[in-house]
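I opened my notebook to go through a few features of this structure one at a time. Here is what I looked up, entry by entry.

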Amino acid sequence: MSDIEITEYDGPAGGWGSAKALTEILSREKRGVSGAVLLGKQNKPDGFMCVSCAWAKPAEPRAFEYCENGAKATAWELTRNRVTRDFFAAHTVSELRDWPAYDLEEQGRLTEPMKYDPATDKYVPVSWNDAIREIGAELRTFEPDSVVFYASGRASLEASYMYALFARLYGTNNLPDSSNMCHESTSVALPQSIGVPVGTTVLDDFKTTELIMFFGQNVGTSSPRMLHDLQEARKRGVPIITFNPLRERGLERFTNPQSPTEMLTGASTEISTQYHQLKAGGDLAALTGMCKALLAADAKAEAEGAPEVLDREFIKTHTHGFKDFLRFCDKQDWSRIERRSGLKREAIEAAAAGYARSKATMGVYGMGLTQHRKGVETIQMLVNLLLLKGNIGKPGAGICPVRGHSNVQGQRTVGITEKPELVPLDQLAKQFGFKPPHKKGMTTVEVCENVLAGKVKAFIGLGGNFVRAVPDTGRMDPAWSGVPLTVQVSTKLNRSHLIHGEKAYILPCLGRIEIDEQATGPQVVSMEDSTSCFHGSRGFASPASPELRSEPWIVAELAKATIEPNPLVPWDDWVADYGLVREAFTATYPKVFKGFKDRLFQPGGLHKPLPARERKWETKTGLANFVAPKGVESDPDMPADGRAVLDLMTLRSNDQFNTTVYGYDDRFRGVKGTRHILFMNASDIERLGFANGELVDVSTHTDDGHVREVSNLRVVEYNVPEGCCAGYYPELNVLIPLWHHDEQAKTPAAKCIPVVVHPAKNVLLAATAA
Ligand SMILES: Nc1nc2c(c(=O)[nH]1)N[C@H]1C(S)=C(S)[C@@H](COP(=O)(O)OP(=O)(O)OC[C@H]3O[C@@H](n4cnc5c(=O)[nH]c(N)nc54)[C@H](O)[C@@H]3O)O[C@H]1N2
Ligand SMILES: Nc1nc2c(c(=O)[nH]1)N[C@H]1C(S)=C(S)[C@@H](COP(=O)(O)OP(=O)(O)OC[C@H]3O[C@@H](n4cnc5c(=O)[nH]c(N)nc54)[C@H](O)[C@@H]3O)O[C@H]1N2
Ligand SMILES: [Mo]
């Protein structure tokens with residue numbers, strides 16, 4: 001407890017704080033100099049692709065093309081710590097369930113396959129042969145649609161393609177992935193609006209853009225390499241208009257840790273030129289306000305004979321639904337927009353005026369838009385705003401969803417999706433001579449519903465920590481014991497190994513940074529970044545244990561043990577030479593991967609064709625669509641008795657990668673030594689009768705009959721809008737009702753949870769819980 005410290009952080013993002021954090025993590029994972037040498041290969045055209053975020057890799061990389069958090073992720077994977085059979089022999093699973101996430105993963109890399117032994121409540125070693133044979137035998141007894149093939153977004157294009165094919169040959173489209181909890185709102189919104197499921201911008205657009213609008217993405221923590229692109233744009237005088245309930249440091253100021261001058265002089269670049277601290281879920285209202293203001297400015301310009309504000313030519317030739325959209329905007333009144341967004345009309349008009357001036361605007365966003373009940377509508381509203389001035393399909397302009405996991409976008413590209421309509425099933429049928437399943441598979445939320453209902457017979461996780469990442473963990477955790485089989489392909493120990501099914505296996509795999517030696521020699525893999533560029537990646541480090549297997553190998557062996565041999569699916573040849581897998585997915589997606597074979601290591605990556613970038617609209621109307629939302633409420637389940645209820649946002653700290661907790665500090669937010677906190681506005685603290693630093697219990701305000709509560713969070717007075725509060729994911733996932741998700745995409749609405757704060761019932765316990 002004495003180590004907990006909450007102060008105001010007044011440094012920039014990057015800078016010396018970043019350099020120091022880097023040295024600390026390399027030494028903690030015992031990777032000093034060798035780690036630093038490996039970091040020099042990170043995100044280089046012939047190196048390995050970072051295992052942290054999915055931000056684009058420039059064609060001409062900087063000397064050190066990594067950031068503090070990318071380096072942490074590398075050190076985390078290359079740690080010298082190991083989880084051996086002795087570790088499992090020394091601890092029962094029930095005991096490990098009480099360990100914090102940090103302690104579990106800090107044990108190091110998994111080293112050999114393990115199997116759960118109910119008699120001793122321990123994991124015991126099992127040979128690869130037996131593990132694969134036993135899992136295959138189990139899978140053969142289940143109805144395919146009762147088996148789930150989950151993927152976190154790290155596995156390569158090669159492993160992902162094989163995994164998706166395995167699931168479909170087995171007979172199911174149950175291929176949910178982490179993007180179901182992340183950018184699924186994007187994948188549903190953008191195809192309706194502009195006919196592509198991904199962003200339309202590339203790195204070059206940052207060089208010619210005239211304005212960047214930034215919504216709900218914490219660049220300093222979640223995609224720090226992007227700060228270089230933002231800094232360069234700012235140096236050209238490009239304004240950045242930010243909408244975020246929190247004043248995130250990376251969006252305020254940045255010192256480039258790779259610039260000696262900046263480091264020595266302490267110079268930093270101001271990032272945002274306008275910063276709008278809107279309410280959680282206030283974006284739909286704020287965007288509506290901006291559209292209204294823009295339409296009003298255009299009408300005024302027309303009346304005065306001044307140049308038009310909208311791009312009328314673009315609207316006429318390229319869009320559909322403009323009239324209905326106008327009607328929607330006309331109907332919304334400013335008082336409601338102000339109330340819901342938490343912003344003054346003048347502030348919204350100032351943002352709109354900035355937008356009106358720009359001839360090329362980018363709209364960048366992250367989880368602040370996607371993780372809401374109306375996430376899809378909000379993203380579509382951002383597209384509407386861009387369409388008004390023709391900002392899709394021209395240089396320096398476009399929509400830029402910032403993806404999470406390093407290959408989450410790529411997994412979708414090669415078939416990991418529960419939506420069969422997104423996959424060329426006919427082509428698969430032809431290529432591999434089978435009848436692919438056409439029934440829609442389960443999303444992440446549907447998997448949870450079916451686990452609760454006892455309908456899931458087996459769960460296979462290709463990476464990730466599903467049990468910990470999903471909503472409603474208090475209800476979910478006990479339900480997993482009713483699943484007959486759980487299999488986790490992992491690099492490190494996590495909660496999904498401890499909250500397991502009746503039969504449970506841990507299959508340890510190589511990480512991307514490690515050398516992957518197969519029959520034809522060391523293999524390379526590939527992935528897709530946030531800007532739709534494909535890159536090759538080459539492992540450099542020796543494997544953490546001789547017993548590790550590659551993900552393609554594990555998928556192939558599981559497939560061979562489960563389904564009938566098919567001469568058209570040469571699993572063994574594919575494992576021997578991943579180039580043959582690339583040939584196979586190029587045959588399935590010829591347009592997407594045209595020329596990939598020879599351009600795997602092309603600097604900057606190979607950009608995949610995106611019709612919307614060329615103003616070709618593959619939508620139902622054949623045009624870009626204005627899509628009007630139903631109203632401006634982005635989280636409509638807020639109960640009526642408003643005042644005691646706060647909107648909770650669950651966030652990442654600067655010291656975590658999703659459920660992986662690197663440490664207990666959140667440097668940019670001034671928090672040291674704890675993650676068990678609740679950021680609150682000073683006036684809410686006073687109004688509700690609490691004090692800064694007091695311990696409180698927080699419960700979800702719903703009437704669905706379930707009690708959801710987290711106890712002993714420390715109140716931290718913080719600059720969040722009144723009526724909002726914030727804390728850390730995944731500790732607070734217990735508070736998110738399973739049904740509290742985007743209405744169309746089913747992305748859990750993790751950024752706006754109605755909660756009530758109570759005095760702590762049992763403060764004594766807290767002293768040990770901190
Ligand atoms: N270091 C590090 N990097 C990561 C990850 C990590 O955990 N650690 N995770 C990776 C993954 S999988 C993902 S998806 C991305 C996630 O990266 P982000 O999209 O940055 O996700 P979050 O950190 O959840 O926070 C999003 C931001 O949204 C703001 N916000 C919250 N609610 C609202 C709202 O209603 N409106 C607006 N406008 N803003 C809001 C928050 O204040 C916060 O700044 O990062 C990836 N990169
Ligand atoms: N409340 C709340 N909940 C959220 C979110 C939120 O903002 N708020 N964000 C959501 C988002 S955006 C996401 S993406 C999900 C994340 O959900 P997941 O992707 O399921 O979770 P991670 O924490 O990224 O998974 C970490 C584990 O992956 C394994 N791993 C790491 N590298 C590899 C590898 O190379 N191969 C294999 N096979 N395994 C590997 C390690 O064992 C590690 O323990 O969580 C979601 N949940
Ligand atoms: Mo994510």
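**Entry on the annotated span.** I began with residues 109-476, whose end C-alpha atoms lie 27 Å apart. The label comes from UniProt, where an unreviewed entry places the feature "domain: Molybdopterin oxidoreductase" at residues 109-476. A reminder to myself: this is a predicted model.

Next I looked at an open sheet of three strands, in the order β21-β22-β23, and found the pairing antiparallel. I see β21 (524-528) and β23 (606-607) at the edges; each has a single partner strand, so one side of each lacks a neighbour in the sheet. I then checked the pairing of β22 (residues 533-538) with β23, which is antiparallel and runs over two bridges. Which residue of β23 does C533 stand opposite? I found H607 there.

**Entry on the helix over the sheet.** I followed helix α8 (residues 157-170) and saw that α8 lies across β21 and β22. I noted an angle of about 80 degrees between α8 and β21.

**Entry on a helix pair.** At what angle do helix α1 (residues 15-28) and helix α3 (residues 68-77) pack? I read about 0 degrees, with the axes 9 Å apart. Angles under 35 degrees count as roughly parallel, and α1 and α3 are therefore roughly parallel to each other. I listed the contact residues: α1 brings S18, A21, L22, I25 and L26, while α3 brings E68, A71, K72 and A75. I sorted the residues of this contact into six nonpolar, one polar and two charged.

Terms used:
Residues numbered from 1 in each chain as written. Chains lettered and ligands numbered in written order. Predicted model: local features only at pLDDT ≥ 70, side-chain atom pairs only at ≥ 80, totals over all residues. Heavy atoms only, no water. UniProt positions renumbered as here; feature names shortened; annotations may be inferred. Helix = DSSP H or I, 4+ residues; strand = E, 2+ residues; numbered from the N terminus. Pairing = 2+ DSSP bridges. Contact = heavy atoms within 4.5 Å. Axes fitted to C-alpha atoms, helices over the stretch in contact; angles between N-to-C directions. Parallel < 35°, antiparallel > 145°, perpendicular 65-115°, else oblique. Nonpolar A, V, L, I, M, F, W, Y, C, P; charged D, E, K, R; others polar.
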